[in-house]
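Please open the structure in your viewer and keep the selection panel at hand. The tour starts with the whole chain and then goes to a few side chains.

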Amino acid sequence: MADGLWSKIGKGLAKTRQMLSSGLEALFFDQATLDAKTLDHLEKLLIGSDLGVEVAGRLIEGLKASIGRKEVSDLASLKKRLKSYIVTILEKGVVAHSSPPSPVVVLFMGVNGVGKTTTIAKRACQLKKEGKKVLLSASDTFRAGAIEQLSIWGKRVGADLICHQAGADPSAVAFDAAQAACARKVDYLFIDTAGRLQTKYNLMEELKKIKRVVAKVIPDAPHERILILDATTGQNAISQGRLFHEAIGVTGIILTKLDTTAKGGVVVPIVEALSVPVTHVGVGEGVDDLIPFNIDAFAEALLGESV
Ligand SMILES: Nc1nc2c(ncn2[C@@H]2O[C@H](COP(=O)(O)OP(=O)(O)OP(=O)(O)O)[C@@H](O)[C@H]2O)c(=O)[nH]1
Ligand SMILES: [Mg+2]
């Protein structure tokens, strides 16, 4: 992976790593041995970085067995073992890629304020740089200013926008956008949607309707159904993930705001719970602050670079 991207993952996970990695070092500084008390502290550290009680418990059980077999004795071997556990869990989400349809229709969804619209702009900007044509559907017709926000981003990154008036039916906008995407032969159609609580029945039904209506124009669309989760939400992101997945069938997760939290470990239980891959992570508010997710680099950035 390019150095620039690596350092961005490192920077994005700085808070989580600081907590976890320096916690690990402090553990070993105080105690030379991996006894029950040390493991207890370690479990608390893992839970503190939001790996979740279940995953942390399983990691500790696995470590106990490794210690018994004398495979883990010092900080370096402990980090190596933790990394391999984390990588194994994250690999559960990996799916095989086939050749992309044209246009690729991507539905972005999530609760309020998680970073849906900003992430759409970041992704569109990346694809434009690869020479792809991107069309945006302003299907958040609910929040005041949402259409204008997307329109400003569209102009900035060079992507056209299909919109109706505020208050219009979000699926009617998506329908028109799908037709325009075919007519204009774009490579990608990105559908922005209003933030919604996963527990609100009507709003989840609205999302299903967008999915159905788009499929009337382009069979199998939306091909990608991306759930945006805010890393600062911690464990609550898992229950959000479950309900969106049940309703829509999530194909990928983008975790935002990793730069602002020490809870970056939450990636692990999310992938574990949903068996859906994390495709990108957001590490800042700028248009370039979205990086493709790399399991190995992530695990290393979480635990410290020397693993
Ligand atoms: N630090 C940081 N801020 C982010 C990131 N992604 C988004 N934000 C910020 O989060 C705020 C909300 O972003 P939006 O893109 O408007 O979120 P949204 O999900 O579209 O919000 P609604 O449409 O109101 O539901 C903005 O201030 C963004 O700049 C990130 O990766 N890191
Ligand atoms: Mg938005």
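**The whole chain**

Select everything first: of the 307 residues of the chain, 53% count as buried, where buried means under 20% relative accessible area with a 1.4 Å probe and protein chains only. This is a predicted model, in which local features need pLDDT of at least 70 and side-chain atom pairs count only at pLDDT 80 or more, while totals for chains, interfaces and linings use all residues. Residues are numbered from 1 along each chain as its sequence is written, and side-chain values use heavy atoms, with hydrogens and water left out.

**The aromatic rings**

Next, show the rings of Phe, Tyr and Trp (for Trp, the six-membered ring), which pair if their centres lie within 6.5 Å, and whose planes count as stacked under 30 degrees apart, edge-to-face over 60 and tilted for the rest. By this rule the count comes to 3 aromatic pairs.

Select Tyr 188 and Phe 190, whose ring centres are 6.0 Å apart with planes at 70°, so that this pair is edge-to-face; both Tyr 188 and Phe 190 are buried.

Then move to Phe 293 and Phe 298, a tilted aromatic pair with 5.1 Å from centre to centre and 50° between the planes. Phe 293 is buried, with a relative accessible area of 15%, and Phe 298 is buried as well, with a value of 1%.

Note on methods: Chains are lettered from A and ligands numbered from 1 in the order in which they are written. Buried means under 20% relative accessible area, exposed over 50%, partly exposed in between (1.4 Å probe, protein chains only).
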